[in-house]
Amino acid sequence: MLGIGKRDTTILLVVAFMALAAPIILNPFPANSAMAQFNAGYPDLMQRFVIFGIFAIGFNILFGLTGYLSFGHAAFLGAGSYAAVWMFKLLSFNVIPAVLLSIVVAALFSVLIGFISLRRSGIYFSILTLAFAQMSYNLAYSVLTPLTNGETGLQVYTSDPQYLRGEGDPIVTHLFGLEMRAKETLELGPWAFDFSVGYYFCAILMLISFYISIRIFRSPFGLMLRAVKSNNHRLSYTGLNSRPYALTAFIISGAYAGLAGGLLAAMDPLAGAERMQWTASGEVVLMTILGGAGTLIGPVLGAGFIKYCENIFSKINENVLHSWFAALPDGLETGLVWVASKFVGEGWHLTLGLMFMLVVIFLPGGLVEGGQRIGRALRRRRGQDEPGRSAAKEPAE
Amino acid sequence: MGILEVKGVNKNFGGLKALQDVNLSVQEGTVHAIIGPNGAGKSTLLNVLVGKLRPDTGSVMFDGKSVLGRKPHEINQMGISRVFQTPEIFTDLSVLENVLIPCFARRDGAFRMHAFESVAHEGTINEEAEQILADVNMADKRNLHAGSLSRGDKRRLEMAMCLVQQPKLLLLDEPTAGMARADTNNTIDLLKEIKETRPITMAIIEHDMHVVFSLAERITVLAQGTPLVEDTPENIKGHPKVREAYLGEAQV
Amino acid sequence: MTTRNFTRRGVMKSTAVTAGGLALPTIFTGSSAAAFTNEPTGSTVTLGFNVPQTGAYAEEGLDELRAQQLAVEHLNGEGDGGMLNTFSSKVLDGTGIMGKRVEFVTGDTQTKSDVARATAQSMIQKDGAVMINGGSSSGVAIAVQGLCQEAGVIFMAGLTHSNDTTGKDKKRNGFRHFFNGYMSGAALGPVLEQAYGNERRAYHLTADYTWGWTQEESMIAATEALGWETVETVLTPVGAGDFSSYIAPVMNSGADVLILNHYGGDMVNSLTQAVQFGLRDRQVNGNNFEIIVPLYSELMAAGAGEAIKGVYGSMNWNWQLQDEGTAAFTRSFGEKYGFPPSGSAHTCYVQTLLYADAVTRAGSFNPCAVVEALEGFEFDGMGNGPTLYRAEDHQCFKDVLVMKGAENPTTPFDNLEIVEVTPVEQVMYEPDHPMFAGGDLGECNPGE
Amino acid sequence: MDAIILQILNGLDKGSAYALIALGLTLIFGTLGVVNFAHGALFMIGAFCAVTVQRLMQLSHTEIDESRTDFLGNPLQVEVPYLESWFGPELGQALISWSVPLAILLAIPVMMLVGWIMERGLIQHFYKRPHADQILVTFGLAIVLQEIIRQFYGANPIPTPAPDALRGSVDFGVWLGFGPGVIFYPVWRFVYFLFSLLIIGGVFAFLQFTTFGMVVRAGMADRETVGLLGIDIDKRFTLMFGIAAAVAGLAGVMYTPILSPNYHMGMDFLVLSFVVVVVGGMGSLPGAVLSGFLLGIVQSFASMNEVKAILPGIDQIIIYLVAIIILLTRPRGLLGRRGVMEE
């Protein structure tokens, strides 16, 4: 189906189902229950899941396939966001021109940075990209304020021209009149599920991005990219020029980052300079490795994992903990709350750090490997383990 | 006029004269061995041929065109393939994928953006790849991880990757170095078979005289960066200068 | 597809109460939309406390959080009532807000605009917060203020000192209890004149971002009005760490005053290092060389240690004030946590009470009603004397404190001492003052 | 001229910090081939050794001063450090003010121990893993370490002044023949610079003149060969990790009077230290030191008003700009070797 193999079609369908049903899947707990704290099915966070999913999918095309570890991809995310907000400021709140321009701007920016950085490989390449991104961030924060509005972040003012804005157009981001923030709520008893326009807009673009990434993975081009990672030396003695391959991958992943940046702005028309900081570049690296670099679905999982931690764990404060453990005897409750509070709320970074360590120590292939292990264990229990199968590990599952 | 013509090549590293006035002509369709003691400049010469090093003076013509100043991938596209001392393969990819890559390289050139086609749907290319694997008796290993192969199989795979490109000239850099006797014999058989079944020119750089005399039709002896003699294996064996410079130490 | 906007929380709560299970599955109950975003329909109301809990301003944020929790206790009738006893408006009676018990959710802004907006969004979309409060930087405050305006909830900005928050970025749904750069300059001016005279030459080191620039602009205006000369203004990268290469040129520039328009870690480092360079031991133009830090905070002063001795700066509020409200707040905070509250804690505490008060007076949680109740509101008993929330720009006007690093502090909490309480008239400015021009409050947005 | 000398001094001082961090990082890279993203955290832990010693020296007992009240109106509880009551206020204070240099004594064993635990407990399992995994696990470790420090010391910067005797600045210009009062420079910064030279010299001498050092150097060049010689290179590398951690930690201890330590200072230095190492050339110790000083000086000059007047904001990006230029003109940094970390 769709020109991809059966396995890939299954993966795509699973991802599509997850993405489209996310508002329900991510809200498993009744809205008023104590566990509602763990619900992630509200539009803003779901949008972040899929947007950072796009970012990580794109990054994986570069890092997962070619092995070039860029530490500067946040620069393209930021450039995409700025481009989109400028479109809002100059044209109208319609998201289409904004998203298109954000892709184009980020791609052009990545041509420039990629062309220079790819003259080196290994860590030298990483540091070159890092240097470019940090320069972009520092300048955006200070000297380029007329273009970026510095620390505050670029936003749309009522005094902005918006040349293409029609009379009755919404004053929030929209798709031909369909407001991004519009949503419908489905209530089933104590459960409540939000279906927001913005989320589905992002989710559909994520699915398209994911589909394109599958096609790239399975294409001759993708094969060449994996060859670049595996043995660049052999590649050139096989008559192939690795530089344009790597550069194209760099540009594609830059464009993905631009799309993600544009979508961030389309969901929330404010672009802050922190988006370009090295920590943001590092975040996408972590997402990809955590999920499983070079796998199709890993980066999406990694992105969801990190964003979930950031948004859910950081919001659990001592009050919430007390309400959870209220049923326990006093001393025990205090003790449990004390221990737990070190890992959530202000301590959520500790949880994140520990998770990084645990995943990488015990699951070298990232979360995807965790899934595979569970799958294999289940198969083995059913006695269906095919011998030799694990030996013939498919390189880019 | 040979398919490969090396004329007056000199290469210095600092004060060291690695190659001095090297002239060499490899005739189309022959197996030409280049031998010499350690430090004779064999590797330097090879690196000049594949574009990794640029000589200080002289010319290297392949098929009527100069290879000098061209990058390795361009030289490969001209029709020169290379087998390395330790097999250079794509260890992270499957055996089949390893041979698919040269197939694409032959069809599409040094760079082509086929990002939306599926590898699985490339009928002819897949057939070619399967064929060559069958030719080197590796068809049953097509789905294995190339990195997990035995050394001998890696060598076979590398050979297959070169052959599938249908090169005009195959350069072999000590193809049996470090191999056990049995593996060496297997490799010799493989090369012999290739020679018989394909119209191919080979240039072998080799230490092992057994290999050289089993395969070569012409031999050039290199010593201290200079070709000493060039002749048929029979004549080389008896050549006094060669014995003196090189074979004296080896058992022939 | 329809583009209705309505809130989940209100609907959800009502159905939760009536349905109590799957008995009455209401599908797409959009038509019963609330009148405004997150209208509280149950027995509770949720406030969102969005403060930095990680990164450089974490302690500042955590102190805000302590104060906010205290405010919630007082609103719900727990504890000693704190400033509720001294507040001039008496409508709050310790039964929550309009009879609804106050609950709160917290989030970590990381002092990043993006993250702060994400956590605020989650409070609004997921937790049904009707008011967002807190923060420790102007960039974040402006970003979150914009979000609250769009979403239709009230924003009570925490620590934000940039002129822009109630200047070119002011919003109808946002209010600021903190003072600003202009007011710092206006308050410091007379004190500096008295202490250092009229013939000084000032050298500015300024953090290279929006707050730094407005602070520098305000200080230049204030000091030049005294007759001081501005020798040089130098922008320094945020988070530079080592400021030596910016401090060294000060020595032979002919300046005799160094003004550090820095905050947070930058302030700690630049001040410590300037003192290390022996600037304050120097004599220039026959004057003792002096350093000024226009914006102080207790936590950062503590970070700078002994370097702050004798250094002038300004503050929004300090626990050493002598009025009743301050005493009440300091007592209840101190008894709960064991140390006195910081200025930013005070801001957030007061704002939480003020919001509750405004809702009660308006008789509605509707943001537009709250805005109306807060605009032009005058009150007393919350520290800093009589206070006005100006309708034109939502800036709060009250006395401003000029502080000095104490020479001999006896405890870790009195390392700053109040030099003067500058009366509000002196820091007053017109809403269309050039430093604040260009903004537009816009219309209040209740959401839907 | 005086301005230039001042900026050179500033640059050397900044450079000392960069060089020390980069030196430790390179030792780990070069010997173990590990990309250690937790190196900044080691620097931070060093700095908090100084804080710890300061806290220990200030251990106090409370005395109640009835004549004064605290903020709640209760009688004031005055904290009197034991050192003050034992040695009298003046000597006591003087002793306390020496906390930072004294912290070196604590930092060396602590850092060696931290390094040893890190290497044996975690890093050794990652020698054969891809660099990406090393980055992820050490980054996770860095976060965990800094959060632990935060649990104990809070997030606020903590003032850690230099000893009274070394506080303030000296009229350095007079020694160079300038008029009095032209070039003042803080004493502690001279101390830091000399200290860093001492450490750098010590590390080089250690590698150059001890058998241990020679083995390690050989191992840096070719690990397998050394292993073949029957030398247990792993054990030596463990110790090397400890030494690298100690170098980072000492850099942190002595830097505290310049930069009040806070829990995330390691992250602030992390990126910079990698840039320094890479500009110097992967695996090259002299390269790391050279590049540290070079970048420090370049950054100082870029901060001069005269330069900023022509190129606004240049001081924000100069380090990265220089890094890009160097990497494009010298493929392996200043003194890097071929093939190290190029894959």
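**Figure 1. Contact between the two domains of chain B in the predicted model.** In this predicted model, 11 residues of domain 1 of chain B are in contact with 10 residues of domain 2 of chain B. On the domain 1 side of this contact, α2 (72–78) and α6 (181–197) of chain B each contribute at least two residues, and the largest share, five residues, comes from α6(B). Sorted by class, the side of domain 1 of chain B that touches domain 2 of chain B holds five nonpolar, four polar and two charged residues. Domain 1 of chain B is made up of residues 1–79 + 167–252, while domain 2 of chain B covers residues 90–166. The C-alpha centres of these two domains of chain B are 26 Å apart.

**Figure 2. Helix α3 of chain B and its surroundings.** Helix α3 of chain B (residues 95–108) has 14 residues and reaches 20 Å from its first C-alpha to its last, which is close to the 20 Å expected at 1.5 Å a residue. Because 10 of the 14 residues of α3(B) are buried, this helix is largely enclosed by the rest of the structure. Among the buried residues of α3(B) are Val95(B), Val99(B), Leu100(B), Ile101(B) and Phe104(B), and they also include Glu97(B) and Asn98(B). The partners against which the buried residues of α3(B) pack are α4 (123–135) and α5 (151–163) of chain B, together with α9 (220–230) of chain A. Just after α3(B), the backbone at Gly109(B) takes a positive phi of about 80 degrees.

**Figure 3. The contact between chains A and C, seen from the residues of chain A.** Four pairs of chains touch, and the most contacts among them are between chains A and C. This contact takes 44 residues from chain A and 49 residues from chain C. On the chain A side, at least two residues each are supplied by the helices α3 (43–66), α6 (122–141) and α16 (348–362) and by the strands β3 (178–179), β4 (183–188) and β5 (191–196). The largest share of the side of chain A that touches chain C, five residues, belongs to β4(A). By class, the side of chain A that touches chain C has 14 nonpolar, 17 polar and 13 charged residues.

Figure 4. Chain A gives 35 residues and chain D gives 31 residues to the contact between chains A and D. The elements of chain A that provide two or more residues to the side touching chain D are α6, α12 (278–291) and α16, and α6(A) gives the most, with 11 residues. The residues of the side of chain A that touches chain D divide into 24 nonpolar, eight polar and three charged. Chain B and chain D, by contrast, do not touch, and their nearest C-alpha atoms are 13 Å apart. Likewise, no contact joins chain B and chain C, whose closest C-alpha atoms lie 34 Å apart.

**Figure 5. Packing of helices α8 and α11 in chain D.** Helix α8 (residues 187–209) of chain D packs with helix α11 (residues 233–255) of chain D at an angle of about 170 degrees, and their axes are 10 Å apart. Since angles over 145 degrees count as roughly antiparallel, α8(D) is roughly antiparallel to α11(D). From α8(D), the contact is made by Tyr192(D), Phe195(D), Ile199(D) and Val203(D), and from α11(D) by Val247(D), Leu250(D), Met254(D) and Tyr255(D). By class, the contact of α8(D) with α11(D) has eight nonpolar, no polar and no charged residues.

**Figure 6. The crossing of helices α11 and α12 in chain C.** The axes of helix α11 (residues 343–362) and helix α12 (residues 367–374) of chain C come within 8 Å and cross at roughly 105 degrees, and α11(C) and α12(C) are therefore roughly perpendicular to each other. In α11(C), the residues Tyr355(C), Ala358(C), Val359(C), Arg361(C) and Ala362(C) meet Ala369(C), Val370(C), Glu372(C), Ala373(C) and Leu374(C) in α12(C). These residues of the contact of α11(C) with α12(C) divide into eight nonpolar, no polar and two charged.

**Figure 7. The setting of Thr10 in chain A.** Thr10(A) has its place in helix α1 (residues 6–20) of chain A. With 12 other C-beta atoms within 10 Å, Thr10(A) is exposed. Thr10(A) and Met276(A) are 266 residues apart in sequence, and in space they are 35 Å apart, C-alpha to C-alpha.

Methods. Residues are numbered from 1 along each chain as its sequence is written. Chains are lettered from A and ligands numbered from 1 in the order in which they are written. This is a predicted model: local features need pLDDT of at least 70, side-chain atom pairs count only at pLDDT 80 or more; totals for chains, interfaces and linings use all residues. Domain bounds come from an automatic or database domain assignment. Two residues are in contact if their C-beta atoms, placed from the backbone, lie within 7 Å. Helices (H or I, at least four residues) and strands (E, at least two) are DSSP runs, numbered from the N terminus. Ala, Val, Leu, Ile, Met, Phe, Trp, Tyr, Cys and Pro count as nonpolar, Asp, Glu, Lys and Arg as charged, and the others, Gly among them, as polar. The expected span of a helix is 1.5 Å times one less than its number of residues. A residue is buried if 20 or more other C-beta atoms lie within 10 Å of its own, exposed if 12 or fewer, and partly exposed in between; C-beta atoms are placed from the backbone. Axes are lines fitted to C-alpha atoms, for helices over the stretch in contact, and angles run from 0 to 180 degrees between N-to-C directions. Angles under 35 degrees count as roughly parallel, over 145 as roughly antiparallel, 65 to 115 as roughly perpendicular and the rest as oblique.
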